[in-house]
Amino acid sequence: MITVSNLKKEYGTVQALKGISFSIAEGEFYGLLGPNGAGKTTTISIMSTILEPTAGEVNIAGYDLRTNPIECKKTIGVVPQEIALYNDMSAQDNLLFWGSLYGVSKGELIKRIDEILHLFGLHERKNDKVKTYSGGMKRRINIASALLHQPKVLFMDEPTVGIDPQSRNLIFEVVEKLHQSGMTIVYTTHYMEEAERFCNRIGVIDSGQIIAQGTLDELRKSSSIKETIAIAFANLTDELFQKISLAWPEVKRFDQTIHFFTSNSKNDLAKIILNSNELGLDIVNIEIMKVNLETIFLSLTGKQLRD
Amino acid sequence: MFQLAFKDLKLFFTDRRAMLLTFLLPVTLITLFAFAFGGIGKAKNEVKEYDLPVCDLDLTEDSKTAIAALDTDKAVHVVMVTLEQAQEDVKKGNKDCVLIFHKGFADSLLYGSPLPVELQYDEAQEIQVSMLQRALFTTLAMVPYSNRNNAQRMLNKQFDKLIGGGNEQLKAQVHAQSDSLFKSVGKGVEANPKTSSSTKIAIGSDIKMTKLVEAKEENSPGLIQAVAGTAIMMLLFSVAAIGAGLLDEKQEGTLKKLLYSPMHPNNILFGKMITANSISILQLTVMFIYATVAFGLDIFSHVPSLVLMIVVTAYACSSFGVLLASFAKTRQQVQGFSTLIVLVMSCIGGSMIPIFIMPEFMQKIAVVSVNYWSIQGFYDIFWRTLPLTDTTFLTRILVLFVIGSSLNLVALRMFKKNILQIA
Ligand SMILES: Nc1ncnc2c1ncn2[C@@H]1O[C@H](COP(=O)(O)OP(=O)(O)O)[C@@H](O)[C@H]1O
Ligand SMILES: [Mg+2]
């Protein structure tokens, strides 16, 4: 359905994308996971034809993006990262306007809007001006406005940033429904929970490069880290943490808790406990966790997804 | 792109502030300027004691008698002046007119030839002058009869001319006849002046009317200046605001979203142009209708020219607003630029100060402004009353059209370069 090959983008001297390639099958839910500034929005913007790439090719539903942008645009629906609506118009009028740009007939459009407003739980407020809406409600309308022409492919750029839990759950439900109905979805996020929950396949992106790609299981298997041992201490000091991290290079401190990343927890756990006793550290709690995207990202980049 | 324009118009009409700025503010300004330029209320003025400058070049007993008779008129107060002084005053607009008794007035009176009386006036003050003229008719018509001997003599001279030289006997007979005839006519006139009104006008209309200052028909230039000047200046402000809407779309992220849609990016700009043109035409129309309702501007005799002028003015001004938006990077920039440019153009183009009172070099500079061509166009329509087919008028239409089209072209290029880039 979508093929992206060797995509590059330079903003002056900034290399936002350093040659990105991936392909997405029809009906797939593809996640682009990466921290802020990784190049997610740049990728989506190029795929939405509003940004010219420095190099590389994109093919959507058989249409080349460069030679046939209009056909590509008809195929896709885009939910931008920022909420973009006319605040002085009602939700209904906003949707009527955005839908009309895709050449949906008025009768059809009104029917679609009605369905979608019900889907997003905003039917009662449809005649209120958007400026009276909460952030979460605006986000929902922002998503709804990309669905009116029933696109085959949906791009969603961090659709849950800065949003209340209730709206977030509603969006999750809708996104899952859309996926079930067979829509191909490209979803960017820096929340690993979201990527783990929805995505068939995940591309991990950092500094303009895809550093790992595959299903969640594939990513787990390929990772040198298998588990995380989280140990909470009673008396952890900076000095003691310093000493621990000399012995165990792959660690991360969260207050009084240290995460030890390991490929063999059975072996390492005993060693860590021994080591702690030698340093005079009092252990309060021990937890062993299966590897997640967060730790995979950490092991690949030495950075966290969120700072 | 029509959806875009439709959306913008919808937003515009629900925006109370935009409505106030587009319609109420210009109306207020037009009212103020109209009063300031003295272009209104003329027709309602009653003639009080009117200070009439009179210049006596004849300096005879008869001319003095006639002037004295004028002075007795309730509506007129005669002020004796020299010819140069009076003409100077009229040209400067200090006085509306001057009444001149030319040399030979007494003789003409005597020989019954047309009276060499001339009213030189400023056409801009025609209403005042025409009222005065009516008063003068009445008084001057009576002049030949004011001295019965004089009039009798005049009549006899006329008959003498008819009879020709040599036949003194016939002349004496005719004189005797005419004396008795004159007596009865004179009595009749004195008894009931109205019955002889036709005679009066025939004589009174001998006053030669000479325009010292060329002017309009019924529409005062002050009013035209106030309406056209203000309307165009305010129009430029409102199109700048519409253009700025494009940058709002950019800042709000909706521009980006418009670009996701399958329409051609240029249509975004075309949509804005349609919006700007529609609102401009509406604004100008409202302004002229207001001027008609409030100040009696006669728009109905010039509908086709006016419509054409409004459309090209709207077109030229709209393109200016769109161009401004395509150059600027932020709304704040548009506002800054537009205020500066609109004020400068309005100033040199004659929106604030009528162009004809500016020094000549300023009048030459004026042609670089949209305001100049539009305002002159409206003067063509209402004041010079040029027909639609007049080349001067059509040239102005053409200039405005060319301005509009070239600005639009530049805007389109800049739009691609500046606006679409950053999306
Ligand atoms: N218009 C721009 N001009 C210059 N640099 C940009 C521009 N847009 C994005 N960048 C840079 O490109 C990189 C990728 O940005 P972006 O795609 O927005 O990241 P993400 O969406 O993953 O947070 C960042 O380093 C960002 O600073
Ligand atoms: Mg982003």
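Helix H4 of chain A, residues 106–119, has 14 residues and spans 20 Å from its first C-alpha to its last, close to the 20 Å expected at 1.5 Å a residue. The expected span is 1.5 Å times one less than the number of residues. Helices (H or I, at least four residues) and strands (E, at least two) are DSSP runs, numbered from the N terminus. This is a predicted model, in which local features need pLDDT of at least 70 and side-chain atom pairs count only at pLDDT 80 or more, while totals for chains, interfaces and linings use all residues; side-chain values use heavy atoms, without hydrogens and water. Residues are numbered from 1 along each chain as its sequence is written, with chains lettered from A and ligands numbered from 1 in the order in which they are written.

The buried residues of H4(A) are Leu109(A), Arg112(A), Ile113(A), Ile116(A) and Leu117(A). They cover an arc of only 130 degrees around the axis, which puts them on the same side of H4(A); the arc is that of the directions from the helix axis to the C-beta atoms. An α-helix has 3.6 residues a turn, so residues three or four places apart point the same way. Buried means under 20% relative accessible area, exposed over 50%, and partly exposed in between (1.4 Å probe, protein chains only). The face of H4(A) turned away from the buried side carries the exposed residues Gly107(A) and Lys111(A). Among the elements covering the buried residues of H4(A) are helix H3 (91–100) and helix H5 (135–144) of chain A. Gly121(A), with a positive phi near 65 degrees, follows H4(A).

Thr41(A) counts as partly exposed because its relative accessibility is 24%, and Gln81(A) is partly exposed at 23%.

Chain A as a whole has 11 helices and 14 strands. Of its 307 residues, 52% are buried. Among contacts (heavy atoms within 4.5 Å) in chain A with a separation of 6 or more, 69% join residues 24 or more positions apart.
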